Amino acid sequence: MENFSGTYKISSFNERILDVDIDNGIETNTTTTLVGDSFQGTYVFNSDGTYVMDAQYNITETVVVENNPPVVDNYTVSDDFTGTYTINTSDSSITITYVNGGFTETTTFMIENFSSTGVNLTYIDINDDPTDGNTYDLRGEIGLVRQ
């Protein structure tokens, strides 16, 4: 934690969701991509395992439902959370816990390319429903630069 602790600024945010829905035997594939820009604010990871996220950035979201034109939306994200984090050195992951809207949220990220200048945090959420064949595959990456 001592090596990881510090103040970081977001340098990149990318997320892709592949969603396959099967309804009455008809398969529909939807791809959603989110790309961040105009990053402001910081993420502060303290050596005692606490953190403060106070960052804002713009998202361009593109949704493509197969055989349809893409739908593009732009909006601003505001990460304003405090919580705790733990680092698992055996699998190079960080687990972040915070309260959002009265609910405790826990997310585990893989730590990649950690150095004295920054780190990339990646995450994957895959759900397959064998009863109906629907699948959901979310993959993302957050780039952080040490300040």
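1. Phe-45 has Tyr-51 of E3 as its bridge partner. Phe-45 is the end residue of strand E2 (residues 26-45), which is joined to E3 by 14 bridges, the two running antiparallel. Strands here are DSSP runs of at least two residues (helices, H or I, need at least four), numbered from the N terminus. Two strands count as paired if DSSP finds at least two bridges between them.

2. This is a predicted model, in which local features need pLDDT of at least 70, side-chain atom pairs count only at pLDDT 80 or more, and totals for chains, interfaces and linings use all residues. Residues are numbered from 1 along each chain as its sequence is written, and side-chain values use heavy atoms, without hydrogens and water.

3. Confidence per residue is given by pLDDT, from 0 to 100. The protein chain has a mean of 94, with 99% of its residues at 70 or more.

4. Eight strands form a closed barrel in the order E1-E2-E3-E4-E5-E6-E7-E8, paired antiparallel. From one strand to the next, the twist averages 30°.

5. Most residues other than glycine have a negative phi. Asn-67, in the loop between E3 and strand E4 (71-88), has a positive phi near 70°. Its relative accessible area is 77%, so Asn-67 is exposed (over 50%; buried is under 20%, partly exposed in between, with a 1.4 Å probe and protein chains only).

6. Asn-113 also has a positive phi, near 55°, but lies in strand E6 (residues 103-115). Asn-113 is exposed at 60% relative accessibility.

Technical notes
pLDDT is the predictor's confidence in each residue, from 0 to 100. Axes are lines fitted to C-alpha atoms, for helices over the stretch in contact, and angles run from 0 to 180 degrees between N-to-C directions.
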